[in-house]
Amino acid sequence: MKTRAAVAFAPKQPLEIVELDLDGPRTGEVLVEIMATGICHTDAYTLDGLDSEGLFPSVLGHEGAGIVREVGAGVTSVAPGDHVIPLYTPECRQCKSCLSGKTNLCTAIRATQGRGLMPDGTTRFSHKGQPIFHYMGCSTFSNFTVLPEIAVAKIRTDAPFKTSCYIGCGVTTGVGAVVNTAKVQVGENVVVFGLGGIGLNVIQGARLAGAARIIGVDINPEREAWGRQFGMTDFLDSRGLSREETVARVLELTDGGADYSFDATGNTEVMRTALEACHRGWGTSIIIGVAEAGKEIATRPFQLVTGRNWRGTAFGGAKGRTDVPKIVDWYMEGKIAIDPMITHVLSLDEINRGFDLMHAGESIRSVVVY
Ligand code: NAD
Ligand code: AHE
Ligand code: ZN
């Protein structure tokens, strides 16, 4: 079949809206009509050539929601007409990682996914006879895409696509980092670095968990009002502050340091600040941000010797097929907010504007509606 898609033909170039050929679903695969997709900073990072796994030409996008239109042989868990959210972290329920109960990082198809291919080692997309790579196993910047069955979460049919697509990455990542990875307890102090599409969801996750102080740190002063809207109690404008000054301010506000800090910037210097802003003896810093290829984190080992912990989280530690439908329920029941964070709704033809708005700090989330 044919599908309209925004294709990343080369790094640092605007996406091009073209018609692609799309092969139908094979055994264990499903064809999904994407109804809406968010634009996450990770898409921008890959488009900017900063991802060590980045491949071109490819169809980016990993934060979508849509409807199953066709299923391949052997597919039993979803059927045409089902509403689904694509999962860049699938859940096979059979691999060592899924069975461990210790991680959400299913390994069933990670190797081919990282090479921009379906599990059988081929791509379903092509343009003028040339193969086009998949991205994060999702490629939601295409109106139609093919996904492995284990990489779709079936969701309720009354959830609007325009907002629930954000659960495909940003909402689940931010809220999940708090409730699944950190497991923040009532009365604990939380510090969030970077109040964008992910960090604001960390804030609302911290509020949900009953955190006492929720401190937001950003270099964009306009993010203060955004943070307060979702439960932030204190804001620190870190423009012009050294690491030591930022840490000192957090220690003052928290009586010695954060119980949990979160990096939602992807900046390795900020990651160090976030670790050092943790409470001596027990504070844990959780890295959410994705750093550009070649960057490394550093700190004095003394920071860890004296009881601070450094951890990371992908997709908020959520097991996609199990947890995503529950997060959709939380949204539909009003436990978490999504609508105000969708600041811009665009057509596929306008998708490059979504990247510009993100880089200019003018959007929280832009969503493309097909
Ligand atoms: P975003 O662009 O919406 O937000 C980033 C925020 O960080 C902005 O408010 C910006 O002003 C702020 N910021 C930038 N530099 C800063 C600094 N030096 N100090 C303080 N604040 C600073 O991006 P997003 O979509 O929220 O994504 C945030 C990060 O999370 C990205 O690195 C993205 O790739 C990553 N991410 C990771 C996962 C995961 O599973 N681990 C999932 C989604 C996104
Ligand atoms: N490909 C990059 C790493 C990118 C990365 O860490 N991705 C996160 C999701 S970001 C969503 O917006 C993730 O899920 N990581 C786990 C995984 O298996 O990819 C690199 O550095 O090579
Ligand atoms: Zn993302």
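Ala, Val, Leu, Ile, Met, Phe, Trp, Tyr, Cys and Pro count here as nonpolar, Asp, Glu, Lys and Arg as charged, and the others, Gly among them, as polar. The structure is a predicted model, in which local features need pLDDT of at least 70, side-chain atom pairs count only at pLDDT 80 or more, and totals for chains, interfaces and linings use all residues. Residues are numbered from 1 along each chain as its sequence is written, while chains are lettered from A and ligands numbered from 1 in the order in which they are written.

**Exercise 1.** Find the domains and describe the contact on the side of domain 1.

*Solution.* Start with the bounds, which come from an automatic or database domain assignment: domain 1 covers 2–168 + 338–369, and domain 2 covers 174–313. Next, take the centres over C-alpha atoms; 28 Å separate them. Twelve residues from domain 1 and ten residues from domain 2 make the contact, where two residues count if their C-beta atoms, placed from the backbone, lie within 7 Å. On the side of domain 1, helix H1 (residues 41–47) gives the most, with three residues. Helices (H or I, at least four residues) and strands (E, at least two) are DSSP runs, numbered from the N terminus. By class, this side has six nonpolar, four polar and two charged residues.

**Exercise 2.** Work out where ligand 1 lies and what surrounds it.

*Solution.* First, collect the residues whose C-beta atom, placed from the backbone, lies within 6 Å of the ligand. For ligand 1 there are 33, and the closest are His-41, Gly-194, Gly-196, Ile-198 and Gly-266. H1, helix H5 (170–182) and strand S11 (214–218) each give two or more residues, and H1 gives the most, with three.

**Exercise 3.** Describe the shell around ligand 2.

*Solution.* Count the residues: 13 surround ligand 2, with Thr-42, Ser-52, Glu-53, Val-290 and Ala-314 the closest. Then sort them into seven nonpolar, three polar and three charged.

**Exercise 4.** Is Lys-183 buried or exposed, and what is its phi?

*Solution.* Begin with its place, the loop between H5 and strand S10 (190–193). Most residues other than glycine have a negative phi. A residue is buried with 20 or more other C-beta atoms within 10 Å of its own, exposed with 12 or fewer, and partly exposed in between, C-beta atoms being placed from the backbone. Lys-183 has 12 such neighbours, so it counts as exposed.
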